[in-house]
Amino acid sequence: MTHSPTPYASSSGELNVAAAECLFHIAERSSWLEQRELTHYVPAEFKREGFIHLSTGEQVRATAARYYQGRTDICLLVLARPALEAHLKWENLRGGAEIFPHLYARLTVSAVVDVLAIRWEDSVVRFVADA
């Protein structure tokens, strides 16, 4: 299936070259919609964990499949990495060798450069223009 391309996702639902300079956060759509007009976005887990889970372009597909398989109430926030650097830590808190970016601050809404819908096609995640 083809989708409308965006600056960050191709018509096939893959992240493209522009996305390589970005980080990503999988958000509950309702939480994002409630907070997108504010100065900061704060997901529910931030209050409990003290940071916001992020992924690189190479990690986000596996993260979506591992923790959000089949969910339709989520979206992908595309984040300008330079805007996050001051509060970013790369770490693995669950064991294993792979490190993930964690944002130890509220997310400034202006760092969100795009929002992509997450679609599941035969259990494969696709990132597409948010309708």
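What volume does the largest pocket have? About 670 Å³. The structure is a predicted model.

## The largest pocket

The lining of the largest pocket counts 29 residues. Nearest the pocket centre lie His-53, Thr-63, Tyr-67, Tyr-68 and Arg-94. Sorted by class, the lining holds 13 nonpolar residues, eight polar ones and eight charged ones.

Which elements each supply at least two lining residues? Strand E1 (22-28), helix H2 (44-49), helix H3 (60-68) and strand E6 do. The space itself is found with a probe: rolling one the size of a water molecule over the atoms shows where empty space is left.

## The three-stranded sheet

Strands E3, E6 and E5 form an open sheet, in that order, with antiparallel pairing. E3 and E5 are the edge strands, and each pairs on one side only.

E3 covers residues 52-53 and pairs with E6 over two bridges. Across this pairing, His-53 stands opposite His-102 in E6. His-53 is also among the residues nearest the centre of the largest pocket. On the other pairing, E5 (residues 88-91) is joined to E6 by four bridges. There, Glu-91 faces Phe-100 of E6.

## Strand E6, covered on both faces

Are the residues of E6 (100-103) buried or exposed? Both faces are covered. Phe-100 and His-102 are buried on one side. Pro-101 and Leu-103 are buried on the other. E6 also supplies at least two residues of the lining of the largest pocket.

## Nonpolar cores

The largest nonpolar core has 19 residues. Trp-32, Leu-54, Leu-77, Leu-84 and Leu-107 touch the most other members. E1, strand E4 (74-80) and strand E8 (112-121) each supply at least two residues of this core. The largest share, three residues, comes from E4. As a general pattern, nonpolar side chains in soluble globular proteins tend to be buried together.

What does Leu-54 touch, leaving out residues up to four places away in sequence? Its contacts include Leu-23, Phe-24 and His-25. Leu-79, Leu-84 and Leu-88 are also among them.

Another core, of 16 residues, lies apart from the largest one. Its members include Phe-24, Tyr-68, Ile-74 and Leu-116. Tyr-68 is also one of the residues nearest the centre of the largest pocket.

How values were computed. Residues numbered from 1 in each chain as written. Predicted model: local features only at pLDDT ≥ 70, side-chain atom pairs only at ≥ 80, totals over all residues. Heavy atoms only, no water. Buried < 20%, exposed > 50% of the residue type's maximum accessible area, 1.4 Å probe, protein only. Pairing = 2+ DSSP bridges. 1 Å grid on protein atoms, 1.4 Å probe; cavity = no way out; pocket = protein on both sides within 12 Å on 5 of 7 lines; lining within 4 Å. Points joined across faces, edges and corners; volume = space filled by probe spheres on them. Nonpolar A, V, L, I, M, F, W, Y, C, P; charged D, E, K, R; others polar. Core = buried A, V, L, I, M, F, W, Y, C linked by side-chain atoms within 4.5 Å. Contact = heavy atoms within 4.5 Å.
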